[in-house]
Amino acid sequence: MREMDREAILAAVEAAGVVGAGGAGFPTHKKLAADCEALIINGAECEPLLQVDKELLHHYLPVVLEGTAAARKAVGAKRVYLTVKGKYHALLGEIEQCLASWPWVELVPLPDIYPIGDEHLLVYHVLGRPVPPRGLPLQVGAVVLNVETLYNVAKALNGESVTQSYVTVNGAVAQPGTWSVPIGTPIEEVIEAARPLVEPGSQAVITGGPMMGEVVDDLSEPVTKTTKGLIVLPRDHVVVARLSSEQALLRWAYSVCCQCTMCTDLCPRHLLGHPLWPHRLMRSLAAGGPLDAESAAGALLCSECGVCDQYACFMGLSPRRVNQVLKAKLGSRLNGLEFSWSEEARAGLADGRVPTERLIAHLKLTQWHQPAPLRGSLPGSRRMTIPLKQHVGAPASCQVQPGEVVEAGTLLGKMANGRLGAAVHSSVAGTVIAVADGNVVIERGGSDG
Ligand code: SF4
Ligand code: SF4
């Protein structure tokens, strides 16, 4: 890989459309434009059943480290930490061996607890510095980048755009695995590769993971840059019920919350000292009147990790859903709010741990918790639907028209100067047959089709 200066790295990452692969899709060139002291590679992957990071570290660690070297140069970090679950003994051995040639990277084994991959918790674990409420790791001198993001940074330096996403398919499937999937492939075709064990009529598919994911209503929806996991489960599985029934959960909140405080006692953000008390929110809702200001503001601090509803609440209630609804309704009105927070609360962090194995048993996922090895690349579909917005920010502005012939890697959408967002490229060769509803639809054909 050729030596590049900071500006060239940022330009290559922006041109390739790299976004945070493990989260909401924040444009990586914007993150790399910051100066920081510590760069943390997030290999925690704490959502049960997902194994993309583990597989990438096993198969492509040198590539991830090349991306890391470029990211380090861009942000000027003095220290680099590679975080991985300590339970992966064989993988840790491989990494230690490889890091002999990368002495500026420190391996940090992580406890097997949920949600240790949450940026705030991860930064606190690695640096011992709490990120302020609604704050960014940068405020305490850190930039956090996910393993696949750094893999994509390395590819970007070689002129390769982000056209594939690594996706684990797990759950009620005969062949669990992790595949490199062309962006735009319908989810149903990815699921088929893993050979589902449940009849389509009785099956539910969760995108994301069992804690923070969403039930997919339409399996023709495409894989995007941020699709990391597809979990197949019987439709009547408890995880599906909890992720689906928003209205019921909101209704129950008015009537049955017993104020046991377990949701607050185990809330990771509360335990970091942030002023968020999910049980008070539920009490305020049950009272029927207008929400008190503290509860409403606290909703903005929720990371939506799912500990309260998927693990803590024995009554099946969901402070998380309530927070989601409040955030959507109140978010912009509460912008600029100052939060006071407490150092003392962090004393509870050690007690508030949720061991992943216990979580998996609690979610009744033990039988579906299977290895998901890398099984290669999927070919994509005859017809690919590529969204122009797969990232935080505005949609990319479309650069192609129906009838136009494109190659794998052709620019489909780009950002106007200065606007937050990311470029979008075609994952296949073919012909654009439609540009509609924020998507570019491509019919396969040509050199790779
Ligand atoms: S854990 Fe459930 S029942 Fe207990 S306070 Fe929280 S929402 Fe209410
Ligand atoms: S989802 Fe629940 S446990 Fe997680 S941060 Fe939000 S309120 Fe706390």
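I take two strands to pair if DSSP finds at least two bridges between them, and I use DSSP runs, numbered from the N terminus, for helices (H or I, at least four residues) and strands (E, at least two). With that settled, I looked up Tyr166 and found that Tyr166 stands opposite Ser180 in β7.

I note that this is a predicted model, in which local features need pLDDT of at least 70 and side-chain atom pairs count only at pLDDT 80 or more, while totals for chains, interfaces and linings use all residues. Residues are numbered from 1 along each chain as its sequence is written, and chains are lettered from A and ligands numbered from 1 in the order in which they are written.

**Sheet and strands**

I followed β6 (residues 164-171) to β7 (residues 177-182) and found the two strands antiparallel, joined by 6 bridges. Both belong to an open sheet of 6 strands with mixed pairing, in the order β9-β8-β10-β6-β7-β12. Its edge strands, each pairing on one side only, are β9 (214-215) and β12 (374-377). I then saw that α3 lies across β6, β7 and β12 and runs at about 120° to β6, the angle being taken on a scale from 0 to 180 degrees between N-to-C directions of axes fitted to C-alpha atoms, for helices over the stretch in contact.

Elsewhere I checked β1 (residues 38-43), which runs parallel to β2 and is joined to it by 6 bridges; Ala38 has Arg79 as its bridge partner in β2. Why is β2 (residues 79-85) largely enclosed by the rest of the structure? I count β2 as enclosed because 5 of its 7 residues are buried, that is, 20 or more other C-beta atoms, placed from the backbone, lie within 10 Å of a residue's own.

**Domains**

An automatic or database domain assignment gives the bounds, and I list domain 1 (6-157), domain 2 (164-237 + 365-377), domain 3 (258-343) and domain 4 (383-444). The C-alpha centres of domain 1 and domain 2 lie 24 Å apart. Their contact (C-beta atoms, placed from the backbone, within 7 Å) takes 16 residues from domain 1 and 22 residues from domain 2. On the domain 1 side, helix α3 (residues 52-75) gives the largest share, 4 residues.

**Ligand 1**

I find 15 residues around ligand 1, of which Cys257, Cys260, Cys263, His279 and Cys313 come nearest; a residue is near if its C-beta atom, placed from the backbone, lies within 6 Å. Two or more residues of this shell come from each of α10 (262-266) and α12 (278-286), and α12 gives the largest share, 3 residues.

Definitions and conventions
Two residues are in contact if their C-beta atoms, placed from the backbone, lie within 7 Å. A residue is buried if 20 or more other C-beta atoms lie within 10 Å of its own, exposed if 12 or fewer, and partly exposed in between; C-beta atoms are placed from the backbone.
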